[in-house]
Amino acid sequence: MGIASIVIFILGYLAIAFEHPLKINKTASALLTGVLVWTVYAISTGDASELGHHLASTSEILFFLLGAMTLVELVDAHQGFYFVSRLIKTDKVIKLLWIVGLITFFMSAILDNLTTAIVMVTLLRKLISHKETRKYFVGIVVIAANAGGAWSPIGDVTTTMLWIGGQISATGIIQSLLLPSLLALLVPLAVASYVLKNQAIGQAAASVALSSTEERDGKIMLFAGAGSLIGVPIFKTLTHLPPYMGILLALGIVWILSELLHSEKDEEAKKHLSVGYALTKIDTSSILFFLGILLAIGGLESFGYLHALSDQLAHALGNQNLIVTIIGLASAVVDNVPLVAATMGMYSLTDFPMDHVMWEYLAFCAGTGGSILIIGSAAGVAVMGMEKIEFGWYLKKIGFLALLGYFAGAGLYLLLH
């Protein structure tokens, strides 16, 4: 019966990977895979108690993502990210490229790589009318967003998973991965600067006009949202409560603040500024996708297959850093969430304690490796749809830049450690 779970998982994984040709949403495939793997486990062992253990750890990740997504959408509803555009005041293509890249890098560490990529692409549409030049910029945004998310405990789903799971600490991951992640961006930026030096930007769109009240509210919500997100790791350090408690506290505080800002307005006027509206805007499909995938991985772990796989990899390849490097490259083809979830199931905190080189290097490789192909990260898939970027174009124009940054950052991390 155990073999049946592996077959189900492989078929489910293939359905997720070939979502577009099959025309079946990957969330549906993930949910079906997760339920069927556990069904096989329950029938073959006669014990479903293990499911509760895995659901508890999975729920921590899902509640964290739900709170973070809602908070970011609430800030966006108040035009909070509009003020980021005011930081960009140049019509020189190379200078603009570096400003966009660095803003994306640091913003991704505070928000998350998916949200940041969407915000920056929306901003680029206002700044660059020349389509080919904008596509290059969007490619750099993908690289910058994924690199920025890798060194922050709240910047990428995989890094958040490792943080919540106790494999990394907030201060440890920031100290260890900031420089390698930055290099993973700087190398592509340097090469892209040479490629784009003669490209045109085009005509910038007219700025959005906000009333004085809207501008005040937007600034308040931007600083409140960013400040509360930054405070989540601090809250965890001080209270030792799980990160999802910190993000729920942050959401509660910003929620109350938004209610106070619009207390004088009628229901219709403040409807689009409410948390209820923000909840309709979040990507619920992605949350259910993570649920299905994490449940499926948990089922395979309960069968003992992941530990067996780790032993086989160690025997075949020998070098742990080589194994993690390959996992990072694989994340360009396969979603990095299940890869990291599987790796967390393969290795224990007994073998590799918190902030071990293996966990930190995994966070870097899984986070930045997804930039090599446009389908390798949530940020890439999102901008692919927004800007209609072809898979082949990204592979030819951006993929090599991302690969150079990946190996540069990986080399620096291994050199430092």
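1. Surface. The protein exposes about 18,100 Å², and carbon and sulfur atoms supply 67% of that area. Accessible areas come from the Shrake-Rupley method with a 1.4 Å probe, and for residues only the protein chains shown count as cover.

2. Basis of the note. This is a predicted model, in which local features need pLDDT of at least 70 and side-chain atom pairs count only at pLDDT 80 or more, while totals for chains, interfaces and linings use all residues. Residues are numbered from 1 along each chain as its sequence is written, and side-chain values use heavy atoms, with hydrogens and water left out.

3. Overall build. The protein has 20 helices and 0 strands; helices (H or I, at least four residues) and strands (E, at least two) are DSSP runs, numbered from the N terminus. Its radius of gyration is 21 Å, close to the 22 Å that the globule rule gives for 417 residues, so the protein is as compact as a globular protein of that length. That radius is taken over C-alpha atoms, and the globule rule is 2.2 Å times the number of residues to the power 0.38. Along the principal axes, the C-alpha atoms fill a box of roughly 65 × 55 × 45 Å.

4. Burial and contacts. Of the 417 residues, 51% count as buried. Buried means under 20% relative accessible area, exposed means over 50%, and partly exposed lies in between (1.4 Å probe, protein chains only). Among contacts between residues at least 6 apart in sequence, 79% join residues at least 24 apart; a contact means heavy atoms within 4.5 Å.

5. Charges. There are 22 positive and 27 negative side chains, and the centres of the two sets lie 15 Å apart. Lys and Arg count as positive and Asp and Glu as negative, whereas His and the chain ends are not counted. The place of a charge is taken as NZ of Lys, CZ of Arg, CG of Asp or CD of Glu.

6. Salt bridges. The structure holds 2 salt bridges, a salt bridge being a side-chain nitrogen of Lys or Arg within 4 Å of a carboxyl oxygen of Asp or Glu. One joins the side chains of E215 and K219, at 3.6 Å from N to O. These two residues are 4 apart in helix α10 (residues 212-239), so about one helical turn separates them. In general, an α-helix has 3.6 residues a turn, so residues three or four places apart point the same way. K219 is partly exposed, at 36% relative accessibility. D217 forms a salt bridge with R216, with the closest N and O atoms 2.7 Å apart. D217 is buried at 4% relative accessibility, whereas R216 is partly exposed at 44%.

7. S228. This residue also lies in helix α10. S228 is buried, with a relative accessible area of 15%. Leaving aside neighbours within four places in sequence, S228 is in contact with L71, A250 and V254.

8. Positive phi. Most residues other than glycine have a negative phi. K23, which is not a glycine, has a positive phi of about 60 degrees. K23 sits in the loop between α2 (19-22) and α3 (26-45) and is exposed, with a relative accessible area of 74%. H240 also has a positive phi, near 65 degrees. H240 is in the loop between α10 and α11 (243-261) and is exposed, at 69%.
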